[in-house]
Amino acid sequence: MSAGIDILPTRRFRSQDGALSPEMRAAFDSDGYLVLEDFVAPADCERLRQRALDLVEGFDPSEHRTVFSTTTRAHAAADYFESSGDKVRFFFEENAFDESGELRQAKALSINKLGHAMHDLDPVFDAFSRSGKLRRLAGEIGFRHPLLLQSMYIFKQPRIGGEVSWHVDSTYLYTEPLSCIGFWFALEDATLENGAMYCLPGAHRQALKSRFLRRDGHLVTDQLDATPWPDGPRAALEAKQGTLVLLHGLLPHFSGPNLSDRSRHAYTLHVIEGDSRYPADNWLRRGPDLPLRGF
Ligand code: FE2
């Protein structure tokens, strides 16, 4: 964090059953994020962590070496990434390999993320993603016919965990009208040292500035609005294990690299409104065998 940037206090709430108070709804409306502490029991966090590690254990890195980087975008050229909308796929940290192409550290400490359909293909992630509590919460924030579009397991590995540059999720998860909301679960403590997110509270009221889509067989980014995001104060979304952070699809957020010795595992689920239109040129696609489902 550079000097001179104001950091706003982060408002924090609790909801045991997915219900939201008027104060919580007002906070989400005005800030574009909502922090719900202790939303997930520690044992459920550990179950997801263990399942992700088991999935990585079963993955042969000689099959695919796709790196996920929001800075170089090398992954965007890879079919392995492009066709991951209805799969469970494994993406490496940018600094996972040495000059000779060998992993610098153990496989389990080299993966950047898994994506993008664990919530439909893996029974452990499916059960976690479709709890009654989450269904209720989705209704509380205004979904009529929620559809679970995408899931990711993010490792933010010790020392090599990559930065995720400033973006809004609706750039990648676009509907007409816009409807994407992110559900971000801290499965380990996220701190300023190991790459917690920052956001620009209130900036979700600005128009969508770009869209990531398919054109002529390529993934491209269309600029829709060149106005920069406000240079205003940020909120640091530090989160203890078990915290759920709701992120409005237009809220700018970012997380720095993890240079610490501690990983920062998180699970994310992105939900869209079933009544909205999902354009055919969206980057994230599914085949006919795996239609989107709700909670
Ligand atoms: Fe994001």
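Analyst: Start with a definition: Ala, Val, Leu, Ile, Met, Phe, Trp, Tyr, Cys and Pro count as nonpolar, Asp, Glu, Lys and Arg as charged, and the others, Gly among them, as polar. The structure above is a predicted model.

User: How do the residues lining the second largest pocket divide into these classes?

Analyst: Its lining has seven nonpolar, six polar and five charged residues. The volume of this pocket is about 300 Å³. Among the 18 lining residues, F28, D29, I141, I181 and H248 are the closest to the centre. Helix 1, residues 22-31, gives the most to the lining, with three residues.

User: What does a search for cavities of 30 Å³ or more find?

Analyst: A cavity is a set of points where a 1.4 Å probe fits but cannot get out, whereas a pocket is open. The search of the whole structure finds one cavity of 30 Å³ or more. The volume of the largest cavity is about 30 Å³. Its lining includes V168, W229 and L250, along with the residues Q206, A207, L208, K209 and S210. By class, that lining has five nonpolar, three polar and one charged residues.

User: Which residues touch the most other members of the largest nonpolar core?

Analyst: The general idea is that, in soluble globular proteins, nonpolar side chains tend to be buried together. Here the largest nonpolar core has 52 residues, and L114, F183 and F185 touch the most other members. Helix 2, residues 42-57, supplies the largest share of this core, five residues. A second, separate core has 15 residues, including W184, C199, V245 and L251.

User: What does F183 touch?

Analyst: Leaving aside residues up to four places away in sequence, F183 touches L134, L137, A138, I141, L244, V245, L246, Y267, T268, L269 and V271.

User: Why is strand 8 largely enclosed by the rest of the structure?

Analyst: A residue is called buried when its relative accessible area is under 20%. Six of the six residues of strand 8, residues 181-186, are buried, so this strand is largely enclosed by the rest of the structure. I181, F183 and F185 point one way from strand 8, while G182, W184 and A186 point the other way.

User: Which strands pair with strand 8?

Analyst: Strand 13, residues 244-248, pairs with strand 8 in the antiparallel sense over five bridges. In that pairing, W184 stands opposite V245. Strand 15, residues 266-273, also runs antiparallel to strand 8 and is joined to it by six bridges. There, I181 stands opposite V271.

Technical notes: Residues numbered from 1 in each chain as written. Predicted model: local features only at pLDDT ≥ 70, side-chain atom pairs only at ≥ 80, totals over all residues. Heavy atoms only, no water. Core = buried A, V, L, I, M, F, W, Y, C linked by side-chain atoms within 4.5 Å. Buried < 20%, exposed > 50% of the residue type's maximum accessible area, 1.4 Å probe, protein only. Helix = DSSP H or I, 4+ residues; strand = E, 2+ residues; numbered from the N terminus. Contact = heavy atoms within 4.5 Å. 1 Å grid on protein atoms, 1.4 Å probe; cavity = no way out; pocket = protein on both sides within 12 Å on 5 of 7 lines; lining within 4 Å. Points joined across faces, edges and corners; volume = space filled by probe spheres on them. Pairing = 2+ DSSP bridges.
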